[in-house]
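Dear colleague,

Please find below a structure that I would like to hand over to you.

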Amino acid sequence: MDTNLLLRISIRILSVLLGLVFVIAGTSKLAGMEATVETFTRFGYPIWFLYVVGFIEFVGGAGMVIQPVTRFAALLLFPIMLGAIGTHLLHDPIEAMLPSFVLLILIEIVAWFYWIREPQLRAQAGRSVDA
């Protein structure tokens, strides 16, 4: 099997899985679930911020599933995860930020592929057709 095809398939699967994670996380915030409201309150954030973060997570998660906009969705989710990491570092034991950190790394991998690697692959494919 072609390694570039395997890479594309793997990144696509990763994008969809990340999308589902963020759609679920965003939905829980938009629904105002008691646990998420309590967490945001404990962190000292106003309730409206819960809905803003939830909306961005939901839209970003949906974008991760829709391939033409995946690259933009990854950029949208990046600052959300940086904020989550920072918040956990300030208010929780250090290990509480690990899930956010892992999600950030996975988003970076998707962003790298769609912003850097995929254009390179397209350029290589164009050269091989012209040759």
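The following paragraphs describe the aromatic contacts. Please bear in mind that the model is predicted.

In total, eight aromatic pairs are present in the structure. In one of them, the ring centres of Trp-48 and Phe-49 are 5.9 Å apart and the planes stand at 85°, so this pair is edge-to-face, the cut-off for that class being over 60 degrees. Trp-48 is exposed, its relative accessible area being 55%, whereas Phe-49 has a value of 29% and is partly exposed. Both residues also belong to a cluster, in which ring pairs link them with Phe-40, Phe-43 and Tyr-45.

Another edge-to-face pair is made by Phe-72 and Trp-115, with 5.4 Å from centre to centre and 90° between the planes. Phe-72 is partly exposed at 49% relative accessible area; exposed would require a value over 50%. Trp-115 is likewise partly exposed, with a relative accessibility of 34%.

Trp-115 has a further contact, this time with a charged residue. The charged end of Arg-71 sits over the ring of Trp-115, at 4.9 Å from the ring centre. The ring of Trp-115 is thus involved both in the pair with Phe-72 and in the contact with Arg-71.

With kind regards

Notes:
Residues numbered from 1 in each chain as written. Predicted model: local features only at pLDDT ≥ 70, side-chain atom pairs only at ≥ 80, totals over all residues. Heavy atoms only, no water. Phe/Tyr/Trp six-rings, centres within 6.5 Å; stacked < 30°, edge-to-face > 60°. Buried < 20%, exposed > 50% of the residue type's maximum accessible area, 1.4 Å probe, protein only. Lys NZ or Arg CZ within 6 Å of the ring centre and 35° of its normal.
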